[in-house]
Amino acid sequence: MLKGVHQKLEAQQTPAFFTRGASAFSRMVFFSALSISIMAVDARFNYLSQVRQAFIAALHPIEIVANAPGEWYRDVKKYFSAHNELVQENYALKQQAFEHQVMLQRLSTVQAENVHLRSLLNGNIPIQPKAVLGEISHMGRDPFTHVVVVNRGSQHNIKAGQAVVDSKGVIGQVTRVYPFTSEVTLITDKELSIPIQIERNQLRAIAFGEGNNTLDIPYLPTNVDIKVGDKLVTSGIDGIYPAGLAVATVTKILQNTESPFAKIVSTPIAGVGNHTQLLLLALPDAEEISAPQPEPELKPEVAIDRKKNKVKQNASH
Amino acid sequence: MRHTSLITVYLTLLIALLCQLFPWVGQGIIFRPDFMLVILLYWLLRAPNLCNVGTAWLAGLLVDLATGSLLGQHALSFTITAFVALSYQRRLVLFNSWQLAGYVFALLIIERSVILLLKLFAGNESPSLAYFWPIVTGLLLWQFMILMFGGLTRPKTT
């Protein structure tokens with residue numbers, strides 16, 4: 001029996017020193033070439049997104065286990081948060097809800113009026129976007145990208161490209177969807193840009209993330225009418241972000257004499273770095289995005305007549 | 001040499017992946033050591049008959065899939081690091097623990113540099129010096145592994 005063990009040990013150790021299959025160098029070359037081709041395929045084509053989705057779905061139970069201690073910690077903290085604090089919060093929230101209700105009463109009348117006026121002017125009626133409530137389950141794994149993972153995925157009808165907002169403003173955009181989770185790239189990420197306008201004077205521009213919790217608005221001349229403290233809101237011309245959502249406030253404007261462009265730095269209004277609940281706004285349907293069809297065969301007078309008729313019709317209602 | 005089975009290797013690598021997936025809060029994520037890489041290096045240097053360049057590639061691919069980074073990025077860096085690690089593996093018996101730690105330090109630097117290079121090629125912003133923290137914490141994890149599971153040079157018979 002001892003002899004058997006000895007033989008077993010030898011059988012295990014001999015190959016380690018003498019026969020090891022292909023040399024380490026050739027293996028290295030082979031696997032490096034394989035990784036580089038995978039990288040090229042992943043970066044240029046979308047063939048591998050299915051593989052990734054399947055893997056992430058398979059990994060979901062492990063992820064739940066890995067997230068469990070954090071969840072418990074938060075639950076315990078929630079449980080022990082002082083009674084006084086809760087009472088205060090409750091009071092503040094009730095007050096807020098009351099204020100919002102008063103404002104909402106006005107909103108419904110204003111909205112109805114707006115719809116009515118728009119229909120008079122033959123304009124298209126703005127659509128209320130549908131939304132799904134989600135919660136940030138954890139930060140992205142790479143600390144040098146601005147990505148958070150949200151606990152809603154393709155099982156909850158989330159699609160890549162959806163805008164994500166919190167109670168204060170725009171957080172970012174869904175960039176990758178897995179069955180139970182999805183990745184949201186924050187507006188501060190360098191890869192993300194967002195069409196905006198200055199709330200004060202409706203000046204259109206595009207804001208880019210800078211990778212360090214600020215946004216940059218490049219390609220605007222030095223004499224542009226922007227002041228520190230200006231509020232940037234979404235312009236809505238991309239068809240992804242509904243118009244009028246708060247994005248950022250301008251915090252710094254640098255005039256560089258060497259450059260024809262001003263350097264405009266702004267900080268996001270929404271709690272981009274917070275651990276909060278989020279709203280994932282549904283993408284508008286294709287028909288809704290497409291511009292209203294112009295009617296070239298109608299002569300201007302006819303068009304005006306039509307409009308008058310419509311006004312009459314509305315008046316008679 | 002203690003008997004290590006293939007199952008031990010893959011089980012520890014799975015645990016390393018779990019540690020990698022653990023939700024690191026706030027600033028902690030900057031200091032997160034590369035669990036997968038350190039565990040992989042440990043087995044590469046200790047049991048090269050169970051674990052080779054191919055294992056490193058597979059581990060790297062798993063990290064890529066799990067972390068959502070560009071697929072093949074960690075696979076490449078782990079492959080190259082594993083090759084360098086293995087090419088001096090036979091001589092490590094002569095190293096004392098400080099020299100070994102220095103060797104592992106160099107390997108961790110190689111891995112981070114390959115990733116940095118790939119990120120720069122992909123057009124990411126050049127990260128701050130904090131990007132290199134995992135090398136230091138990874139070395140600490142290495143020493144911890146040595147303490148827990150024993151060093152590489154263990155006498156065959158007493």
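**Exercise 1.** Which residues of helix 2 of chain A are buried?

*Solution.* Start with the ground rules. This is a predicted model, where local features need pLDDT of at least 70, side-chain atom pairs count only at pLDDT 80 or more, and totals for chains, interfaces and linings use all residues. Residues are numbered from 1 along each chain as its sequence is written, while chains are lettered from A and ligands numbered from 1 in the order in which they are written.

Step 1. Apply the cut-offs: buried takes 20 or more other C-beta atoms within 10 Å of the residue's own, exposed 12 or fewer, partly exposed in between, with C-beta atoms placed from the backbone. Helices (H or I, at least four residues) and strands (E, at least two) are DSSP runs, numbered from the N terminus.

Step 2. Read off the buried set: Arg27(A), Met28(A), Phe31(A), Ser35(A), Ile38(A), Met39(A) and Asp42(A).

Step 3. Look down the axis of helix 2 of chain A. The buried residues fall within an arc of 105° (taken from the directions from the axis to the C-beta atoms), so they line one face of the helix.

Step 4. Turn to the face away from the buried side. It carries the exposed residues Phe25(A), Ser26(A), Ala33(A), Ser37(A), Ala40(A) and Arg44(A).

**Exercise 2.** Find what the buried residues of helix 2 of chain A pack against, then describe the side of chain A that touches chain B.

*Solution.* Step 1. The partners are helix 4 (53–67) and helix 5 (73–87) of chain B.

Step 2. Count contacts (C-beta atoms, placed from the backbone, within 7 Å): 36 residues of chain A meet 31 residues of chain B.

Step 3. Helix 2 gives the most to this side of chain A, with 12 residues.

Step 4. Sort the residues of this side: 19 are nonpolar, 8 polar and 9 charged. Here Ala, Val, Leu, Ile, Met, Phe, Trp, Tyr, Cys and Pro count as nonpolar, Asp, Glu, Lys and Arg as charged, and the others, Gly among them, as polar.

**Exercise 3.** Identify the residues that touch the most other members of the largest nonpolar core.

*Solution.* Step 1. Define the core: buried Ala, Val, Leu, Ile, Met, Phe, Trp, Tyr and Cys residues joined through C-beta atoms within 7 Å.

Step 2. Of its 50 residues, the answer is Met36(B), Ile39(B), Leu40(B), Leu41(B) and Leu44(B).

Step 3. Helix 3 (35–46) of chain B is among the contributing elements. Helix 3 of chain B gives the most to this core, with 11 residues.

Step 4. Check Leu41(B). Leaving aside neighbours within four places in sequence, Leu41(B) is in contact with Ala85(B), Val104(B) and Leu107(B).

How values were computed: Contact = placed C-beta atoms within 7 Å.
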